[in-house]
Every structure is written in structure tokens, then in C-alpha cells.
Amino acid sequence: MKWIKSEKFWQIFLGVTLIILTGLLIWQLYSLDILPQNIQVPTIIALVLIVLILILIELEFGYKSKVRIATLVLSILLCIVYGLGAYYVFRTNGTLTAITAIRHLNENKVSLIALQESDIHSLDNLGGKRVGNLKSIDREGTDKALKEISGKTNAGYETVEFDSVPQEVTALYNEDVDAIILNEAYRTNVVDLEEYADFSSRTRVVETVTFTTTSTNEALAVSDVTTKPYNILISGNDSYGDVGELSRSDVNMIVTVNPMTSTVLLTSIPRDSYVAVDCGDAYACAEGQMDKITHTGINGITSTKRTVEKLLNIDINYTFRVNFSSVTSIVDSIGGIDVDVPEGQAVETFYADSTLEGVTEGWNHLNGERALSFARERYAYIDGDNQRVRNQQMVLKAIFDKATSPDIIINYTSLLNVLENAFDTTLSRDEITDFIKYQIQAMPGWKFETYQLSGEGSILFCPSLGQEAYVTILDQSTVALAHDKIRAVLEGRDADEVMVPESNDISINQYAPDLSGEGADNGIDYSNMEEPYYYENLQDENTPLYDENGELYEPDYSPEDFVEAPGEE
């Protein structure tokens, strides 16, 4: 006992502890492999030398009381610093492992929903009730839910089938049925309809059936993310909670990275874009039919990825999936972000949450909730969804700027706390660490370029809803231009250099909707437009078309507005 109270004991104890912590920190740094070799080796040497020098001073001059006290204090401080360092490196290692663990399962939730005033509080209250369900939309999910409900109760109930989601909800509101079965992925489709904006508050969930489906989403990896260009699809789900839960993909952005030219191109696709759907590995989907691109998220990220690949005739190398919770958590964890709002784009209050302060012209510091609302805002703008896309690009760039700045050190622990469940990606752990090492060593001055597809609004049939809805008919010249800008960055050029479509690839627009047939009334008369002026086949010719002011073709012009490109035959 007397020995434990002596100075000698504590000197030995602290010395051994410091040696152990030094070894642990070095091992963690080596395992993490996040530092470039020319930084990692000197760092490890410095860590060892500090400890050795302290031990040598103690051995040589430890008999002097002042030196002994100083070395004890330094030993305690180094134990704290090395211990915390080892802990944070360990946490970083675990976070990278967690976020790069590819999810091969999609979570599906199908609910039994009744009105708030209904007397259905449990499955046993279903006796003699009428339960609505969808005839063909999400048929497998409906069957799974009915089977599980029947297995949990002996109450006899009648099922009533409907052709569309709005029909089913209308029947519930009108009390033609007592409850409905609805996949939670369709909830946001319902509340987007003005007459059912109160759906979530007017109804309640009686029972939820959860099941998983397999995802085949895999990376098309490049050999080296620090030297080879690649495309990443960012898919932003309009849901809170688990990022793996299926819901609409409201953000669809292709991030084209060329590390050799330090160029990043953000190409955004409006959420309502009317595109040919590739179902991917979805169990219930209208393969090849035209629908909003946001609805592909209901099928899973594989469907969104393949649909984008076909639309733009590109390869997606990696995917990155986030949701509403991800955005708010990440922004808050890094201490907020700063966005520069252009003149004329100020918003007094946000539509998504009217309780939040809007944004003013110039620089604004946004917390997570305001950043999310800013990225979702469209009703405050004349340009609607096009401005929302630009807001999303601003938010993404602001997050990147903050995450790669020295300020991140202050918020590092909080960032680690949220990253593990904030997103999933098909980038591997090694690819992420290689990119971080490249960032630390090269410190590239990234040049950000942006582009967005655009088009005209229309009302057309959406299979996922079972009825017509507002859609955006993409201008095929913007589709072709997006393809060519992405290709330019991959080839080492600037996207901004590509001002008119260069491509003559028919596969770019082969998935465009046929606007000449019945049901294509969107306010534009395409029937009298002869080739090569016909909208659907605009890119069949090498010669781009311009209006009389030299601007690219826009679909709301009439045929007589078009002239051949100046200087071209």
C-alpha cells in the first residue's frame, strides 16, 4: 500500500501506460490508413520520439524534484492526448467500416390505416369491416400484409380493391371503406395531393407489416479514385429515420469527379422528370413504362441508378443514398453551413416548415432544419423545381466546403456520431481512405460546375399512382447536353466549355416519351414539326438547332421560330 502511494510507482505506472497508449495509437493510425505515407511515417516517428525523450529525461534528471514533477505532468498530459487520439482514430475506423457496408436489403413497410375517429384500434376490431387495397400497384406488398394480418386475427373482414392510390384514399375519406392497406413508400404521394394534405394527421396506423427485399446494387469500381474519373449518383429519399427504407427519390444528382483536373460536375435531374423506368430488382414495378423519376426510389436505388444510366447513356460507378434525417444530422454535426443566396431568391418562410426563418439575399448560415427546408423549397420560386435543384446543389457544395475545411476538427466528434447511420454508399472503405489521403496530400482546389436538365410541365399517366399526375417532359436537348458535359469532365475537359450538344448518339433520346400520339396534350403542338425539328428526334442530326437569337431550342417555341445554326449547312 505504501508502495502504491510513492512517486516511483506513479512514474512507472504512467510510463508503462504511455508506452501502451503510444503503441495503440500507432496501430490504429496504421489500420486506418488515412494519412499519406509521407505524413504517416513522420507522424509515427514523432509520436515515438516524444515518449522516448520524456523517458530519457526522467532517467537522466529524475532525481531533481522540479524535473520529476514536470515529467509526471507531461506524462499525464500525453496519456490523455494519446488516449483520446487512439479513441478517435478507432471511432473513425469503425465509422468508415459501417458506412461502406453495402446494404443488400431494402426495407418495406405496409400499413393498415384507419381514420382518427375510427373504432378500429387493433386487428381484432376488423370484424365485419371493409378494408381497401390496391388491385395491381404493390400487389406483392399488399398480399404479404393481408397474409400477416389474417395470421394475427380471426376477425372476418371484407377486402375492396382499387385501381389507384388516390381512389383508395378517397374511399377511406368518404368512409366507403373502414381502413386501407398502403405501402408507406406511397404516403408522400398522397400528402402531395392538395385534397389529402392532412392525410397523416387525419389518419392513424393500426398495424405495420415490415419485410425486406434483396438489392443487387453493386459498384462499378474504377481502379483508382485518386487518378481515374467516375460518376456518383446521389439519391435523396423523402423520408426520415432509416436510410434503407424505401421511399421516393426526391433528389437525383450525378456527381462527376475528375481528380486529375480537380473538377466536380453536379448534374441534377428534376424530381418530376417523365422517364422510362428500369425496375432494377424491384418486386412490383412497371418495367419500361414512363413515370416520374422520383417514383423509382420506391423500387429501390438500383431502379433509380439504372433509370438514370439509360436516360443519359452513362455508367454510374457508385451510389450514395441519404434521406431527410441524413441532411439535418450531417449539417448540424458540422456546425451548420453557409450558402450565398442570389439576388431575387430570398424566401421569407419555407413551405416545408413555415415556423422556420427563411433566407435573405447574400450569405446565410443554416442549421440542419433550415438547410433541408431550403433544399426542398420550390413553391416560393417562379422557376419552381428548377430553382429547388439549384438550391440542392448549393447545399451539397456548402457541406463539401465545410467538411473539407479546418473547421471540421472542432465538430469531428459530433460528425462521427451521425455518419454511421446517415447514408449508405457503394464506395469501399479503401476508396474513401484513398480519397481522403489524396485530399490531405494534394490539397486540390476543386472546381465545381453545375448543370440541370429542364423541360415543360404536363399531366400524364403515372403507373405508380395508377392515374395521371403532373410531370416534367424533359427537353431532349438538355438530356443530350447533360450527357456531353459529363463526358467532357470524364475526358479531362471543363463542362462549361460544352455549350451545345455534341453527341449524335440515338441511345440518348430513345427513352423520350412519344409526344405525337394520343394523350400527349401538354400545350405544345408537335404534330406539324418536321424532322430534324421534331422534338423527340432533335439529336438525330449533327447540326444543333437554335432560335433566332442563337439560343438552344426550347420546346415552347413554335416551328417557325427555328433556323439552322449560324454558319452551319
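Which residues in α10 are buried? I looked, and F324, S326, V327, T328, I330, V331 and S333 are buried in α10. I took buried as under 20% relative accessible area, exposed as over 50% and partly exposed as in between, with a 1.4 Å probe and protein chains only. Helix α10 runs over residues 324–333 and is mostly covered, with 7 of its 10 residues buried. Just after α10, I found G335 with a positive phi of about 85°.

A note on the model before going on. This is a predicted model, so I kept in mind that local features need pLDDT of at least 70 and side-chain atom pairs count only at pLDDT 80 or more, while totals for chains, interfaces and linings use all residues. Residues are numbered from 1 along each chain as its sequence is written, and side-chain values use heavy atoms, with hydrogens and water left out.

Overall counts next. I get 15 helices and 21 strands for the protein chain; these are DSSP runs numbered from the N terminus, helices being H or I of at least four residues and strands E of at least two. Of the chain's 569 residues, 52% count as buried. Among contacts with a separation of 6 or more, 69% come from residues 24 or more positions apart, where contact means heavy atoms within 4.5 Å.

Then I checked α3 (residues 65–99) against α14 (residues 429–442): their axes come within 9 Å and cross at roughly 125°. The axes are lines fitted to C-alpha atoms, for helices over the stretch in contact, with angles from 0 to 180 degrees between N-to-C directions. α3 and α14 are therefore oblique to each other; under 35 degrees would be roughly parallel, over 145 roughly antiparallel and 65 to 115 roughly perpendicular, with the rest oblique. On the α3 side the contact uses N93, L96, T97 and I99, and on the α14 side R429, I432 and T433.

Still on α14, I went for the rings. F435 and W446 are stacked, at 5.9 Å centre to centre and 25° between the planes. My cut-offs for Phe, Tyr and Trp (its six-membered ring) were centres within 6.5 Å for a pair, with planes under 30 degrees apart stacked, over 60 edge-to-face and the rest tilted. F435 lies in helix α14 and W446 in the loop between α14 and β17 (447–452), so the pair ties together parts 11 residues apart in sequence. W446 counts as buried, at 14% relative accessibility. Ring pairs also link F435, Y438 and W446 into a cluster.
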